[in-house]
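Trainee: Before I use any of the labels, I want to know what stands behind each one. Can we go through them in turn?

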Amino acid sequence: MTDYIRLDYWDLALAAALLLGVAGLSLALQLRIEKKLLIAGLRCALQLALVGLVLTKLFEAVSPWWTGLAALAMILFAGREIMARQERGFQPVWAYGIGTSAMLMAAALVTVFALTTQIKADPWYDPRYALPLLGMILGNTMTGIALGLQRLTEGARQQRPGIEALLCLGATRRTALLPVTRQALTTALMPIINSLAATGLVSLPGMMTGQILAGVEPLEAVKYQLMIMFMIAGGTTLGAVTAVFVGLYRLTDNRDRLRLDRLAGD
Amino acid sequence: MLAVRNLTRPGLEPTSFELAGGECVALRGPSGAGKTLLLRALADLDPSSGEVTLDGTPREKMPAPQWRRRVGYVPAEPGWWSERLGDHFQDWDGQAGPAHRLKISPHVDERRVSQLSTGERQRLALLRALEHRPEVLLLDEPTGPLDEEATAAVESLLREKQSNGLAIFWVTHDKRQAERVAGRRFWIDSGRLREAVLEDAKGR
């Protein structure tokens, strides 16, 4: 990893100029996306600069406590993101609770599994490996859970007559909601299944590209990428299944009733 | 058979009545009076308080799915969970006889559920509920979308089930139907249930 080309700030400024350029384009065409684009770009720059600083400190410290704290903060932020992505879904507190706990379970399990058995970092919690790995798994698990919960609540609303017809004929809540549960999990896992299938043909994954740019042999980068993809698929599935099943129980009660009154916006 | 004491839920004042085996009670009342709220509470589809027992067993003493198998409910707009009609029955082929009695075409299963007429769906939902052999049947306007001939067929089938012991709680808008099918008639207004004697006294 010695022969990679360092970027200086002038290079970055050039890249940022591209963003300014397209903002100008938006202004000229009256598309009204220039403001959003620039604010998002600015946020991105600030957040990444901050993360760079924090990571530098964390990598120097190699402390299990600081690493754990950073991991927890990442999970809490991701939980907030899940909550924000629910439209007429679970009430915010519940969306946050279900999302965060499912993610905590899935992401922690998969990350520790990868760190202790495959990467074998020393110590296993070395933030240099733990945090990027967790970040990648978390990002995908978060999307899966958010999609799954949204599809679950949306499906239960839309298919309420059919669900209640099944309940009326003596189906349990699990049976009556099985079609919706399946749809929710299919939706949750669609992005990761698609990216497993399309990877390499359509897109070069960001992490692999990064490693190649940093001078790693393509085949070595591929090995890493494969491991990550499998971890992401496992984590997303675990997280989404957990969240959707907890969601299913929240959407129903112990008398096998469909409780849409527990959703927000009703 | 079905005993209801102080059944309450939002929109429904404490309601008490009894329904004997083989009895049919008709319920009428203006739109929004709480007819559907009452039926849904009886089927335990919505939370409610009060004591509801079947043959002396309180509903809390049995799992809700079992309660709903014994106390069947056919809403005014029945739901369907599959486009294939056969998916909705345990034994669709065994339905040929009763379907014929209800004037349903024997080729009805060749169409998708969403392509069936409202009247066909209504009668098929009734058959679907009867297939589970409920002891009590809660019906919300079971002949609402039907013509006279089909209405008579439904009434005749239900009368037969009734003579075999089925208890029926029948919501209808039609006063003459209520008089035809039911031994006792209830009236509900603003969530308050009354025996129909009062209804007549008010000159309705």
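Mentor: What follows takes the labels one by one and sets each against its definition.

Trainee: What kind of model is this, and how are residues and chains labelled?

Mentor: This is a predicted model, in which local features need pLDDT of at least 70 and side-chain atom pairs count only at pLDDT 80 or more, while totals for chains, interfaces and linings use all residues. Residues are numbered from 1 along each chain as its sequence is written, and chains are lettered from A and ligands numbered from 1 in the order in which they are written.

Trainee: What makes the pattern of chain A, read along the sequence?

Mentor: Chain A has ten helices and zero strands. Helices are DSSP runs of H or I with at least four residues, strands are runs of E with at least two, and both are numbered from the N terminus. Read along the sequence, the pattern of chain A is therefore α-α-α-α-α-α-α-α-α-α. The C-alpha trace of chain A spans about 70 × 55 × 40 Å along its principal axes.

Trainee: How many of the residues of chain A count as buried, and what makes a residue buried?

Mentor: A residue is buried if 20 or more other C-beta atoms lie within 10 Å of its own, exposed if 12 or fewer, and partly exposed in between, with C-beta atoms placed from the backbone. Of the 266 residues of chain A, 35% count as buried.

Trainee: How do you know the reach of helix H3 of chain A against what is expected?

Mentor: The expected span is 1.5 Å times one less than the number of residues. H3(A), residues 64-84, has 21 residues and reaches 30 Å from its first C-alpha to its last, close to the 30 Å expected.

Trainee: Which residues in H3(A) are buried, and what covers them?

Mentor: The buried residues in H3(A) are Thr67(A), Ala70(A), Ala71(A), Ile75(A), Ala78(A), Gly79(A), Ile82(A) and Met83(A). An α-helix has 3.6 residues a turn, so residues three or four places apart point the same way. The cover of the buried residues of H3(A) includes helix H2 (34-61), H4 and H5 of chain A.

Trainee: What makes H4(A) and H5(A) a packed pair, and at what angle do they pack?

Mentor: Helix H4 (residues 92-119) and helix H5 (residues 127-158) of chain A pack at an angle of about 145°, with their axes 9 Å apart. Axes are lines fitted to C-alpha atoms, for helices over the stretch in contact, and angles run from 0 to 180 degrees between N-to-C directions. Two residues are in contact if their C-beta atoms, placed from the backbone, lie within 7 Å. Among the residues that meet are Ala95(A), Gly99(A) and Ala106(A) in H4(A), and Leu134(A), Ile137(A) and Leu149(A) in H5(A). By class, the residues of this contact are 20 nonpolar, three polar and no charged. Ala, Val, Leu, Ile, Met, Phe, Trp, Tyr, Cys and Pro count as nonpolar, Asp, Glu, Lys and Arg as charged, and the others, Gly among them, as polar.

Trainee: Why is the sheet in chain B called open?

Mentor: Six strands form the sheet in the order S6-S7-S8-S3-S9-S10, with mixed pairing. Strands pair if DSSP finds at least two bridges between them. Strands S6 (71-74) and S10 (192-195) of chain B stand at the edges with a single partner strand each, so one side of each is left without a neighbour in the sheet. Neighbouring strands of this sheet are turned by 20° against each other on average, direction ignored.

Trainee: How do you know which strands pair with S7(B)?

Mentor: S6(B) and S7(B) pair in the parallel sense over four bridges, and five bridges join S7(B) to S8(B), also parallel. Val74(B) stands opposite Leu139(B) in S7(B), and Asp140(B) stands opposite Val171(B) in S8(B). Strand S3 (residues 24-28) of chain B pairs with S8(B) in the parallel sense over four bridges, with Leu27(B) opposite Val171(B).

Trainee: What makes S7(B) count as mostly covered?

Mentor: In S7(B), residues 136-140, five of its five residues are buried. Val136(B), Leu138(B) and Asp140(B) point one way, and Leu137(B) and Leu139(B) the other way.
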